[in-house]
Amino acid sequence: MTFINNSLWTIAAAAAIALAGPTPAKAGFYDGKDVTVIMNVGAGGGLTRSGRLFTNTMKNYLGKGTNMVIKNIAGAGGVKGMNFFAEKTKPDGLTVLWGTSQQMAQLLKLRGVRFDLSKLTVIGAGSSSYVSIARSDFPPGLKRAGDLLKVKKMIVGGRGTTDGLGLWARLPLLILGVDYRYVPGYRGQPKMNAAIRAKEIGLLSTGSTGYFAFYENTILKSGEGTALYYHSTLTPDGKFSNPGVFPPGLKHFSEYYKETHGGKSPSGPLWEAYKWISRYNSRPFGMYALKAVDPARIADLRGAFRKNLTDPDFLAGWRKAQKTDPNFGVGEEVDWLLKEFNNISPAALAGLKKLTASKKKMKKK
Amino acid sequence: MFEALLEGLFAVFQWPAIGFLLLGVLLGIWLGAVPGLGGIIGLVLLLPFTFGMDTIPAFALLLGMFAVTSTSDTIASVMLGIPGTAASQATILDGYPLAQQGKAARAFGAAFTVSAFGGVFGAIILAVSLPLILPIIKSFASPELFVLGMLGLAMVGSLSGGSILKGLTVAALGILLSTVGYGEAESIPRFHFETDYLLDNLPLIPVVLGLFAIPELMELAIRNVSISRVPKDQTEGGGMLEGVKDVFRHWWLALRCAAIGTYVGMLPGLGAAIVDWVAYGHAVQSAKDKSKFGFGDIRGVIAPEAANNATRGGSLIPTVAFGIPGSLGTAILLGALLIQGLKPGPDMLTTELHITFSMVWTIVIANIVAAGLLMVWSKQVAKIAFLPGHLIVPGVILFVFLGAWLGGAAIGDWISCLAFGIIGYVMKRGGWPRPPLILALILGNIMENAFQISMGAHGGFGWLSRPVVLIVIALIALTILLSARGITKNKAAQKADADDPASAVRQEASEGGARNPLLSLPFTIILFVLFTWAGLQAFAWPESVREFPLMSAVPGAVMVFFVLISDSRQAYAEIGKHGGLSPALAAAFDKALLNKASMFFGYLLVMILVMPFIGQKFALPLFILVYLIRWGGYNWRIAGGYAFGGWLMIVGFYDRILDMLWYPSWLDSWLPELLPSWLPRWFFV
């Protein structure tokens, strides 16, 4: 009995020493720690899915035994989660945000916005390209590029008045001079998919992931729908990038415009707004940290983010799920996203405000 | 097709798929049984584990879990009167009264049998009707969804208990509450009181848990009685086998409700949310003898349980075949499909048909296994109905408040839960039916969305002439007619039973059946003020934003005005009966157990107020400790052990497994710095 007691005491003492012992000198800050990843989008959507895929392998580059824990705080188009992140989290490097960057919400001073994007820094931001898709049988029938201009009243579906997909759908029509009626309220791509199939709407926009997931294999394959044009990032040298993932025949919107307007390039306030969106909304999601976080931690996070982009498991998972290669900018390469978005020309701002304005003014506040 | 059917079946039975399926079933049983958890949380939790898995084992795990949460959620609905998940809300209406009569085992027998039947039948119907699905979905656009929502609301008549006027008023309140937050067409938040919490819709889970769970728990706490009001040795006809036989007796109802579940379940955005209510309403309306509904009629358990399991299969095929998920759960499953590299589309019905069938088989097998396991266990679970109330209350409070917190991780969720707990108590004791509030809260949001889209897409009311819309409008008229006939019959039956004291007691205990005008009157006045204020507020908004608030506030104000007249008359009579206002009030408050109820709410309020300082990991165990010692009269050892068990549950399950986002408490701001590095901070904050 004494032997057992002594043995137990010895084991307990050894365990206590092992547990309470000094941390190894080479241990990293993130070793064994939980990093909370706030997502300002719902648990069921594509952005959460991509965030889960990303953090599933990124944690391995942050530290030994590091865990990245996802917490969805959705609502108000991402504003709720961003407010929470900016106001309630500590700048200890143990909380980051994965989601939409909300430049538009801050620029247009939407209700409920309390965060200030200048107090955030980018760990990494993802690029996306978009496609506008229409029903081929929408009167008078969309067979050739110019047919869209003959449409009397296109019915366009989207989420809300300020969301990116709705803007990608409407803005080109305004620039082309196509009359349309905008129908907001479709809460996500599956709802729009159902609506275009049921002929409730005639046109929508989707990101490249949605294009491959919902449309390429269904209404585009059967000819029920037609992809009109794509939208992509406006690079600093003023050119639109080619994402290289869409069928060769599909053109960028600017090319489509030229083709249907006798080679003339688009211009005016709405075109300025389009260019602004192409610059700032074409990297619509990513990982962000509070600027007040210790720079060494920011460097750790960016380093892990960068390494993860070449992780074979991540690449395989991403390609399988997204059907494209990952396209991310890391750290300083994309920090301008949160710094320069306020530098918008009055013409572009007027264009955006026109597009997102309430149909009727409120009688009071 | 037959080859794919068999290939899918064999694939599910291969290792490791079958192992993951069984694991999923076990997890699903737990997640469904605990109030506030459910299939969505399970999917979010399990999804990361499937990243590296093959397709069939991955879906065996996900679907095995997801398919059975709507079977095990019956446990909380029947035992506690708390919807285990959103899918089992209607089950409480007759399931809980059965438990109170000591017949929980019978309710379980019926529910589990019919759940398995519903799940299997739903899957078979789907497999058979694959070619019909796309035309059905295509013919149900927003106008059809809107009128289907109206049809759901027409069920209010079946859920209103004694007073149809009160039922309709409560439905108007539910619609009004559903308009909280941003409107569909404009970025203008409504009734949000400048808080982030209310920028979007009022979250459903805290409202449901508050409205149903807190009043029942309060009652158990005050009376310290067991859930069953009948001693165990005096229960008759309450065995599990009896429940199984009930399903065979009512096989035609089970079949109809499973069909309702399958087809309504596949409608995007509407199906899964209301299918149990639709099935319950159908059971009431199609019954010859409606008098026992709400008092423990087994048909009130069979109908929703057959439907909610059939829905799981119903919403799966449109998800995989067309990329059109019917609910949030299937939207997450769609995500899993994409992660697996599969694309929803015709391929899932042709080259990948064996995978689609393996999913259908997974649902079938999971439902049968879960029903079998629950049958074996539920005899033990049913014994909880005979435990003292004090031992049940604190543990369930823990689950209720953590369940309320899970969705939004905001203190507003706790405040909503308590606020709706108080509202639920007043409604229950004041003779206001609660189910129409929940039904309208769910439907209001869906209907407003569908209405705005219909108006926008069709440029006006042209959609009213669409064929399916016209058919559904005819069904609405028929439903209202049947409801009115049912209510007239019930009133006549009540009059005939007026001299029977047992009937009066039963009526008093039923949903919306309590008569306490002096408690109801202040609530009526508050509602009148609320509807009027909301209507006035709404006038300031653009048309598309104000339409729905006005559509509920104006009729709500008119209806509540008539309730006000009726309540005032009854209150006046009550005052006369007691010889003055003071004695009448004393009697009314006594009948409503107001003093004790206030104390109970006080306990919960203190817990909420303390939480920002010490965090949830201490506030909830502290509540358990204080409740058991001060209210329950238990000694320190029992109370301490129970509180420690609660803490273990919070830390072990909610923190470590669910990764819950905790409130950043005052303790969190300094305690971690003081802790030795080897001591995990998640023990405390």
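Domain bounds in this predicted model come from an automatic or database domain assignment. On that basis, chain A is divided into domain 1, made of residues 34-127 and 283-343, and domain 2, made of residues 130-280. The C-alpha centres of domain 1 and domain 2 of chain A lie 27 Å apart. Contact between these domains of chain A involves 15 residues of domain 1 and 11 residues of domain 2. On the side of domain 1 of chain A that touches domain 2 of chain A, six residues are nonpolar, seven are polar and two are charged.

Within chain A, helix α2 covers residues 46-62. At 1.5 Å a residue, the 17 residues of α2(A) should span 24 Å, and the distance of 24 Å between its end C-alpha atoms agrees with this. A bend of about 30° occurs in α2(A) at A:N56. A residue is buried if 20 or more other C-beta atoms lie within 10 Å of its own. By this criterion 15 of the 17 residues of α2(A) are buried, so the helix is largely enclosed by the rest of the structure.

Chain A and chain B meet through 50 residues of chain A and 52 residues of chain B. On the side of chain A that touches chain B, at least two residues each come from α1 (2-20), α2 (46-62), β2 (67-72), α3 (79-88), β7 (180-183), α6 (189-197), α7 (208-215) and α12 (312-322) of chain A. The largest share of this side, six residues, is supplied by α6(A). By residue type, the side of chain A that touches chain B consists of 20 nonpolar, 15 polar and 15 charged residues.

Chain B has 31 helices and two strands. Its division is into domain 1 (2-226 + 238-515), domain 2 (516-578) and domain 3 (594-683). Between the C-alpha centres of domain 2 and domain 3 of chain B the distance is 39 Å. The C-alpha trace of chain B spans about 80 × 70 × 55 Å along its principal axes. For 685 residues, a compact globule would have a radius of gyration near 26 Å, and the value of 25 Å for chain B agrees. Of these 685 residues, 59% count as buried. Among the contacts in chain B with a separation of 6 or more, 79% are between residues 24 or more positions apart.

One helix of chain B, α22, comprises residues 435-458. Its 24 residues should span 34 Å at 1.5 Å a residue, and its end C-alpha atoms are 33 Å apart, in agreement. A kink of about 30° in α22(B) is centred on B:L443. The helix α22(B) is mostly covered, with 23 of its 24 residues buried. Just after α22(B), B:G459 adopts a positive phi of about 60°.

Elsewhere in chain B, B:F191 is located in the loop between β2 (189-190) and α12 (204-223). B:F191 has 17 C-beta neighbours inside 10 Å and therefore counts as partly exposed. When neighbours within four places in sequence are left aside, B:F191 is in contact with B:V180, B:L198 and B:A534. B:F191 and B:P549 are separated by 358 residues in sequence, while their C-alpha atoms are 9.8 Å apart in space.

How values were computed: Residues are numbered from 1 along each chain as its sequence is written. Chains are lettered from A and ligands numbered from 1 in the order in which they are written. This is a predicted model: local features need pLDDT of at least 70, side-chain atom pairs count only at pLDDT 80 or more; totals for chains, interfaces and linings use all residues. Two residues are in contact if their C-beta atoms, placed from the backbone, lie within 7 Å. Helices (H or I, at least four residues) and strands (E, at least two) are DSSP runs, numbered from the N terminus. Ala, Val, Leu, Ile, Met, Phe, Trp, Tyr, Cys and Pro count as nonpolar, Asp, Glu, Lys and Arg as charged, and the others, Gly among them, as polar. The expected span of a helix is 1.5 Å times one less than its number of residues. The bend at a residue is the angle between axes fitted to the seven residues ending there and the seven starting there. A residue is buried if 20 or more other C-beta atoms lie within 10 Å of its own, exposed if 12 or fewer, and partly exposed in between; C-beta atoms are placed from the backbone. The radius of gyration is taken over C-alpha atoms; the globule rule is 2.2 Å times the number of residues to the power 0.38.
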